[in-house]
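Welcome to this short tour. Please open the viewer and get ready to select pieces one after another.

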Amino acid sequence: MSLTTPYTGLRVVELAEDPAGEYTGKLLADLGADVVKVEPPEGAASRGVGPFAEGQTGPEASLAFRAYNSTKKSVVLSDSEQDREQLRQLVLDADVLLTTGRSGDATARGLDFAQLRELSPRLVVLAVTPFGQDGPWAHYRSSDLIGLAAGGPLLSCGYDDHEIPPIRPGGDQGYLTAASFAHTGLLLALLERSRTGRGQLVDVSMHDSLAVSGELANPFWFYPRVKVQRQTARHAQPSPTQPALFRSADDRFLYFALILADQKPWQALVDWMDSAGLAADLVDPAFSDLAHRQRNFSHVQELVEVFFLVHDAEFLYHEGQRRGLPIGITNAPEDLFGDEHLQARGFFTPVEQPDGSTALQPGSPYRFSTFTPPGPTAAPRLGQHTAQVLAGAGHAEVGT
Amino acid sequence: MQPTASTDRRPRPRTGPLAGVRVADFCWMGVGAVATRMLADFGADVIKIEDRTRLDMPRRLPLYKDDPRTYGDEDPNPDPDKGGLFNNYSRNKLGVTINMRTSRGRELADQLIAASSVVTENFAPGVMERWGLTYERLQELSPEVVYARMSGYGHTGPHVGYRSYGPVIQAVSGMTFVSGLPDREPSGWGLSHMDNQAAYYNSAALLMAILHRGVTGKGTEIDVSAVEVGINLLGPILMDVAVNDRPTRRPGFPTGNRLENPLAAPHGVYPCSEPDRWVAVAVFNDDDWARLVGALGNPSWADDPRFGTQAARHALQDELDKHLSDWTRTRTPHEVMHLLQGAGVAAAAVQDAEDLAETDPQIAHRGTFFEMDHPVIGPARFEGSPVLFSDMQQDNWRSAPLLGEDNHHVFTEVLGLSDDEVAELAAEGII
């Protein structure tokens, strides 16, 4: 196992103001890149975003900042002429400039992409914006909710009751979808650079990232020209399907899409229900006929609901899976730390926090047999690496 | 959107950063197909290996022109070349068929692996091993191979055999629980978002491994677990649990469309003039609020001193939402979007697929959706790259392969078999 990763020696200057850019920088840093986050003297905006560590205030208290900035270095630069020049020099020494905000926002900080690329031909400018570098909506403002709405996924999410508006999924999933495309876009540009020696401008649009991530919604329009309708916690579809969330005896929920067409899982389900004496008339040979099952779907659904209601969620998840049924328990985040599978894989990683304590953070989502991602390690304190990084600026060879 | 002029479906040399990389692609279903699609789009020769007797699910799913059906209401005897989802997932790939239950078929697969430098799969654990295709064996066949294994739970650990697909991953990773209105069942996800994200992470892992091999000469085995990707995507929500020991199983969580971090108000999805059409509005601070009030025409209710600070407005969201809904209800989503954006307020129509494909000027400007012809389906639209590059572009050479369309090309040109040998393999049901 090697300590050298694909990003070893890759120098990234991050000017990110939203989770799309910050998470992209985190992915790179956790995987071994040297990511320098440039912050204004008061700190990046995300240092002011909650949730906060209880009882703590100041620039190190934000848990949003800690989650999205692990393993990076922090350098403080003001808007002074001298600091602008320092920033330009950092960028010219780097392989990658990572920016967010609407197109033009970086220019306001004295960074002209075309000029930088001319001075440093190997530089990859990775610009992650709400709607892209240009176009009729390029100057529009966005957010996670706005991105998910404009891009389409939001309309597929919500409840069966359409008096209730579409509901935004939790977290920053719009931003983090853009981050995924920023990551792969950068990799494609780095692969191209390894062939041509030249960097380029990589123009990532959150809007377009989400517009291509609706799964079935676009193909249903491209082909049969029908629209999907949102349904509670299951696939939006052209017409309604049976509920797929089942409540357990301990008042939790399990996801189980009852698919009648496949004989094997049907039989596994009936056998399981029968072993608890709860299969009722489903053991009747008539139910081995698909058409009969389909005609009696509501009856089947009710019996399965009852079966789930009298068992605990953990039992239903593990015993169902043991019997080959694709049942998912709806874990709350706090349930994950005790999961035996994740523990066996050593997934969670203790990471030092600014107050000296440690907390478990998710480990790398990538496992390679020949190298180990070094992160996540602690997010930087504001300006922690200013002296160190600026002392080395202007001397490094450009690129690797 | 420019249709591709050429109707020549014969494989041609590819352009792009991955030109010259050949992939023996055992992937099927959604995650794997989307993951290798990015490689195919940017120049790799991705050879999709299929089984005629066990059709890939996207070939069977009923996304047909002029024949609307709900997922789950499949045609029992589908035309494998008619499926729109397969076309969307497997464009720019080559397609061969191999019967892996025969020893001659497995030999053929070995030859194909030997001629490739990347192997991908997303079967249930154990399937590749049953065919003798361990990482060790792949390295013998193709030294310094990149071997990507994509699964729900990863390839080690007690739940390695658990069955999963997008919604199961979303439930198990916590992504469903954190999504919904407070104090009722989760609304979760209306799509397999984790199939998308797992695919994108697998694309990145493949590209990293190829980049790494370019520098060090070393291949690698890759193990990406979709559940572990999903847990990473919980971000600050999980940090709050870990650092503050604060459970999310608490009254008032999750918060639906409302936002506490940062404190935004109004922040929600509001009804418009037509049934089930909506607009999203997000107001983050006093400046945003002043612009919103101005765009609304300075209504008298907004002068109420109780709405004087962001924190106060956050606490009075029920009232704010009612006022804003009264205003949006007489307008269309795009009318509100452009009016508010024109005033500098973050707002967007909740767009549907028709909006995206037919009227969204930004998507049209970037050419994100493109069109190619298909011999059975006819002209079809595709979801292209949301990333534009100054010095390269996606290499769209062909719509998805017909079942076994490239058998002759791959088995003769790539593996060096004779025409007679290929005809014999076909006659014996090996391909």
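Start with helix α5 of chain A, residues 144-151: 8 of its 8 residues are buried, so the rest of the structure largely encloses this helix. Helices (H or I, at least four residues) and strands (E, at least two) are DSSP runs numbered from the N terminus.

A word on the model: it is predicted, so to speak of local features pLDDT must be at least 70, and side-chain atom pairs count only at pLDDT 80 or more, while totals for chains, interfaces and linings use all residues. Residues are numbered from 1 along each chain as its sequence is written, with chains lettered from A and ligands numbered from 1 in the order in which they are written.

Now show what surrounds α5(A). Its buried residues pack against α6 (173-196) and α7 (206-211) of chain A, and also against β9 (267-271), β10 (278-282) and β11 (346-349) of chain B. Next, click on Gly152(A), which follows α5(A) and has a positive phi, near 110°.

Move over to chain B and select strand β5, residues 94-97. Both of its faces are covered: Leu94(B) and Val96(B) are buried on one side, Gly95(B) and Thr97(B) on the other. Look for Ile49(B), opposite Val96(B).

Finally, zoom out: chain B holds 18 helices and 14 strands, and 52% of its 431 residues are buried.

Notes:
Buried ≥ 20, exposed ≤ 12 C-beta atoms within 10 Å, placed from the backbone. Pairing = 2+ DSSP bridges. Contact = placed C-beta atoms within 7 Å.
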